[in-house]
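Here is a short report on one protein model. Keep the sequence and the 3D view at hand as you read.

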Amino acid sequence: MTRFNTPTYLRAILRCLLYTTTIALAMTAATANAGDALSFADPKGDDNGSGKAVYPTEKAYTAGAFDMVKLTISEDGADTVFEVEVAQAISDPWDSKSWGGNGFSVQFVQIYLDTDGKKRSGEKKGVPGSGIEFAPDGYYEKVVLISPQPKSKILGELEAKARWLKSRWVIPARTEARRKSIVARVPTAELGGAPNASWGVQAVMLSNEGFPAPEDVLSRKINEFNGEHRFGGGCDGFGDPQIVDMFAGSGKGEASEIEAQHKVLSNYTCADESKNAKYPQLGFVRK
Ligand SMILES: [Ca+2]
Ligand SMILES: [Ca+2]
Ligand SMILES: [Ca+2]
């Protein structure tokens with residue numbers, strides 16, 4: 001009896017071991033492929049760029065509409081989802097559906113990703129119209145453009161004004177507004193890899209402009225003085241950042257990050273020609 005029972009018993013143990021090993025291997029593979037969810041916070045009330053920026057006077061630019069408070073980046077199936085939360089409910093004062101837009105009107109978020117973490121590796125200059133550059137500690141590999149404009153319009157602007165960025169720009173497959181958030185979905189393959197805790201991330205808040213200056217990609221200007229559709233608190237030449245909010249410090253939403261943002265964004269020199277200007281140099285937040 002024992003002679004027949006033992007092999008059965010051993011076979012059961014072997015089967016059990018094989019099963020456990022298979023599960024363990026499958027879990028390891030899943031862990032290796034899955035991206036890290038990244039989440040950063042930004043203080044409220046710092047939607048003044050360098051510290052001096054003020055909103056346009058027209059009522060479409062609601063208080064808090066450009067004040068980022070949170071950014072999350074997470075994987076969902078074959079996509080990576082970017083969610084930018086602001087302090088105020090997202091509105092659509094210019095009826096974006098009537099121009100093929102994405103359900104909001106005034107915001108334009110650019111998310112710069114340093115995916116290799118190497119000094120001076122990647123692109124230094126921001127998208128034309130942003131008025132920003134990056135510090136030598138890290139340049140960006142990809143920039144995700146989250147705009148209310150239809151994909152075809154964004155692409156047309158980039159092809160016309162920023163061909164040198166072709167290997168860097170990423171236009172979401174789908175962008176939409178949800179309460180206080182703008183949510184954009186990008187095929188992960190277009191980012192060159194799943195979100196990773198080693199990434200440097202910088203999200204900057206600009207304002208969407210359907211009829212931008214010839215050199216700018218869909219961004220609204222910050223001038224010396226504000227007007228109906230112009231922000232104020234910058235300069236009328238080149239060099240000043242055209243952004244109202246960004247992430248700074250450790251990206252935890254601490255009060256000290258407001259001062260850090262003002263310090264970075266006020267470090268520029270204005271000039272009548274771009275080549276004579278000195279642009280602010282931004283860094284990234286990291287998990
Ligand atoms: Ca903020
Ligand atoms: Ca880089
Ligand atoms: Ca900020």
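## Helix α3

A residue is buried if 20 or more other C-beta atoms lie within 10 Å of its own, exposed if 12 or fewer, and partly exposed in between; C-beta atoms are placed from the backbone. Helices (H or I, at least four residues) and strands (E, at least two) are DSSP runs, numbered from the N terminus. This is a predicted model: local features need pLDDT of at least 70, side-chain atom pairs count only at pLDDT 80 or more, and totals for chains, interfaces and linings use all residues. Residues are numbered from 1 along each chain as its sequence is written, while chains are lettered from A and ligands numbered from 1 in the order in which they are written.

Helix α3 spans residues 256–265. Its buried residues are Glu257, Gln261, Val264 and Leu265. They line one face of the helix, because they fall within an arc of 85° seen down the axis of α3 (directions run from the helix axis to the C-beta atoms).

## The open sheet

Five strands form an open sheet with mixed pairing, in the order β7-β6-β4-β10-β12 (strands pair if DSSP finds at least two bridges between them). The edge strands, β7 (169–170) and β12 (285–286), each pair on one side only.

Strands β4 (residues 107–114) and β6 (residues 142–146) pair in the antiparallel sense over five bridges. Ile111 stands opposite Val144 in β6.

## Ala41

Ala41 lies in strand β1 (residues 38–41). Ala41 counts as partly exposed because it has 19 C-beta neighbours inside 10 Å. Ala41 and Lys252 are 211 residues apart along the chain, yet their C-alpha atoms are separated by 4.7 Å.
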